[in-house]
Amino acid sequence: MWWVLGSEIVIFGGLLACYLMMRLMYDSWSDAASHTNTVAGAINTFILLTSSLFAVLAHNAAERGKGPLAALYLLLTIGGGLNFLVVKAIEWTNEIKHGYTITTNTFWSFYYTACGLHAMHVIAGMTAMGIVAVGALRGKHLPRVEYVGLYWHFVDIVWIFLFPLIYIAK
């Protein structure tokens with residue numbers, strides 16, 4: 001698990017380093033960033049942090065041997081991920097309608113790449129949680145609840161870095 005998280009840190013660390021270099025090199029970057037939807041980003045931050053709470057509660061239930069309760073909390077975490085993706089889909093639809101696509105300029109290329117990569121990690125985390133939830137419901141493999149929780153917290157931490165860079169620093 002730690003190897004996976006380490007490799008993910010390298011990927012997102014490189015992406016964030018690119019963001020900082022581009023931001024410092026091009027003044028037009030902030031003009032393009034001013035068109036992002038801060039409210040949608042804030043709502044998604046709240047959703048992901050709430051889903052992290054459910055992941056912690058799932059881990060706590062698994063440690064106490066309460067598999068069905070852990071499965072319920074994992075499903076609530078997955079629900080948070082689904083809500084995140086719905087908000088992201090609405091946000092992207094509005095941005096594309098206003099002409100901000102991946103080919104508009106370098107900022108929007110970065111935006112869609114970083115947020116798309118993050119969304120793929122959300123989907124991967126939801127899939128892993130679904131698989132672990134089935135086992136937890138049967139009271140099996142409860143230590144796996146902690147591992148998927150660690151992955152989910154990593155996904156949240158990446159978003160905690162992306163949110164201020166993309167949505168607030170304008």
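Trp159 touches Gly41, Asn44, Thr45, Leu48, Phe84, Lys88, Cys115, His118, Pro164 and Tyr167, leaving aside residues up to four places away in sequence. Contact here means heavy atoms within 4.5 Å. The model is predicted: local features need pLDDT of at least 70, side-chain atom pairs count only at pLDDT 80 or more, and totals for chains, interfaces and linings use all residues. Residues are numbered from 1 along each chain as its sequence is written, and side-chain values use heavy atoms, with hydrogens and water left out.

Trp159 also belongs to the largest nonpolar core, which has 50 residues. Leu74, Phe107, Tyr111, Val145, Trp159 and Ile166 touch the most other members. A nonpolar core is a set of buried Ala, Val, Leu, Ile, Met, Phe, Trp, Tyr and Cys residues joined through side-chain atoms within 4.5 Å. Buried means under 20% relative accessible area, exposed over 50%, and partly exposed in between (1.4 Å probe, protein chains only). At least two core residues come from each of H1 (2-25), H2 (28-33), H3 (38-63), H4 (67-97), H5 (106-137) and H6 (143-168). Helices (H or I, at least four residues) are DSSP runs, numbered from the N terminus. In soluble globular proteins, nonpolar side chains tend to be buried together.

Helix H4 has 31 residues. From first C-alpha to last, H4 reaches 45 Å, close to the 45 Å expected at 1.5 Å a residue. The expected span is 1.5 Å times one less than the number of residues. Gly99 follows H4 and has a positive phi, near 90 degrees.

His118 lies in helix H5. His118 is buried, at 1% relative accessible area. Beyond four places in sequence, His118 touches Phe12, Leu48, Phe84, Val155, Val158, Trp159 and Leu162.

Tyr151 sits in helix H6. With 12% relative accessibility, Tyr151 counts as buried. Its contacts, again without residues up to four places away, are Met1, Leu5, His121, Ala124 and Gly125. The C-alpha atoms of Tyr151 and Ser52 are separated by 10 Å, although these residues are 99 residues apart along the chain.

A disulfide is a pair of cysteine sulfur atoms within 2.5 Å. By this rule, the count is zero. Cys18 is in no disulfide; the nearest cysteine sulfur, that of Cys115, is 15 Å away. Cys115 is likewise in no disulfide, and its nearest cysteine sulfur is that of Cys18. Cys18 is partly exposed, at 38% relative accessibility. Cys115 is buried, with a relative accessible area of 2%.
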